[in-house]
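Subject: Handing over the two-chain model

Hello,

I am passing this structure on to you, and below it you will find my notes on what came out of it. Please read them alongside the sequence and the 3D view.

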Amino acid sequence: MNVQFKKGVLEMCVLALLKHKDRYGYELVQIISDYMAIGEGTVYPLLRRLATEEYFTSYLQESAEGPPRKYYKLSTKGSAYLEEMVAEWTQFSHAVQLILMEGNRDE
Amino acid sequence: MNKQQFLQELTEGLKGIPDVERLDIIRDYEEYFLVGMEKGKTEAQIIAGLGSAKQIAKELRATYHLEAVREKPNVKNLFRAAIALISLTVFNLIFVLGPLLGLIGLLIGCWSVVLAMVAAPIWTGLQDADAVHAMGAFPWFGSIAICGAGILLGVILYYLSKWLGKGVVWYMQFNLSMVKGGLKHEGH
């Protein structure tokens with residue numbers, strides 16, 4: 001899958017995962033890489049960039065099993081941005097679907 | 001390579017970023033390693049997954065400088081952001097460095113003209129006193145008029161420069177997000 005395209009969609013994926021649950025960095029990377037092949041190193045820069053845009057806040061929480069973990073929490077701004085992106089994505093993927101069907105039909 | 005070496009390489013790559021921010025970034029990656037190892041991964045596996053520390057550092061630097069130039073658009077920050085962007089990929093060399101240099105050249109040219117105009121009375125004063133006196137008040141009024149026009153143009157040029165500076169920042173952000181894939185939303 002094309003790298004540029006993947007990175008754009010990645011933002012949306014990260015925000016979507018934070019919609020109902022606060023998560024820490026490792027968790028986010030793991031879930032995403034379970035579903036698609038990404039360079040794990042690209043996620044933290046992405047998180048920092050999204051944080052400077054104020055799409056989420058972060059807080060440290062003590063953990064029983066190890067080091068304190070930094071949890072990310074979606075902000076109202078991030079929630080609005082997510083909604084926008086999901087709407088665009090839905091529209092886009094629907095259009096692609098139709099075009100593919102069209103392509104198949106002409107065969 | 002082990003965890004310490006990776007973090008060391010990352011730290012070195014992040015030179016130019018303020019200590020507070022750099023330490024925060026290292027803390028994040030340190031956490032990533034510790035949690036990973038807690039879950040049973042080896043340092044080598046984690047490093048293999050993360051990729052190149054140098055590349056990560058470049059990306060983080062570019063993000064930081066771009067944000068800095070948005071907050072405080074002075075020439076120093078502008079240049080740092082441009083260099084950080086360029087180091088990200090050769091692609092940007094053509095699309096960022098070229099226009100930036102062209103724009104700066106243009107601005108320097110315009111400012112030179114304006115400054116020369118404002119200095120007009122000085123040129124008149126430096127001319128041969130007798131020759132100037134023979135032409136009456138004309139040279140003096142003329143040069144004062146040019147000086148005034150220069151000041152007016154200078155004010156316009158000042159605002160133009162500011163506006164263009166903002167344009168360049170926007171342009172570089174656009175470039176950055178093109179390279180990273182996915183357009184940023186201007187929600188500010």
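Across the interface of chain B and chain A there are six salt bridges, a salt bridge being a side-chain nitrogen of Lys or Arg within 4 Å of a carboxyl oxygen of Asp or Glu. One of the salt bridges in the model joins B:Asp24 to A:Arg48, with the closest N and O atoms 3.1 Å apart. Please keep in mind that this is a predicted model, in which local features need pLDDT of at least 70 and side-chain atom pairs count only at pLDDT 80 or more, whereas totals for chains, interfaces and linings use all residues. Residues are numbered from 1 along each chain as its sequence is written, chains are lettered from A and ligands numbered from 1 in the order in which they are written, and side-chain values use heavy atoms, with hydrogens and water left out.

Between chain B and chain A, twelve residue pairs are in polar contact, both residues at pLDDT 80 or more (a pair of N or O atoms within 3.5 Å; within protein, one must be able to donate a hydrogen and the other to accept it, and residues adjacent in sequence count only if both atoms are side-chain atoms). On the side of chain B that touches chain A, the elements giving two or more residues are helices H2 (19–38), H3 (43–50), H4 (53–71) and H9 (138–180) of chain B, where helices (H or I, at least four residues) and strands (E, at least two) are DSSP runs numbered from the N terminus. H2(B) gives the most to that side, with twelve residues.

The contact, which means heavy atoms within 4.5 Å, takes 33 residues from chain B and 30 residues from chain A. The two chains bury about 2,900 Å² between them, 48% of it on carbon and sulfur atoms; this area is the accessible area (1.4 Å probe) that two parts lose on being put together, summed over both.

Chain A holds an open, antiparallel sheet of three strands in the order S1-S3-S2, strands counting as paired if DSSP finds at least two bridges between them. S1 (23–24) and S2 (56–61) of chain A stand at the edges with a single partner strand each, so one side of each is left without a neighbour in the sheet. A:Arg23 stands opposite A:Tyr72 in S3(A).

As for confidence, the model scores ipTM 0.82 and pTM 0.62. The mean pLDDT of chain B (the predictor's confidence in each residue, from 0 to 100) is 81, although pLDDT stays under 50 over residues 181–188 of chain B.

Best wishes
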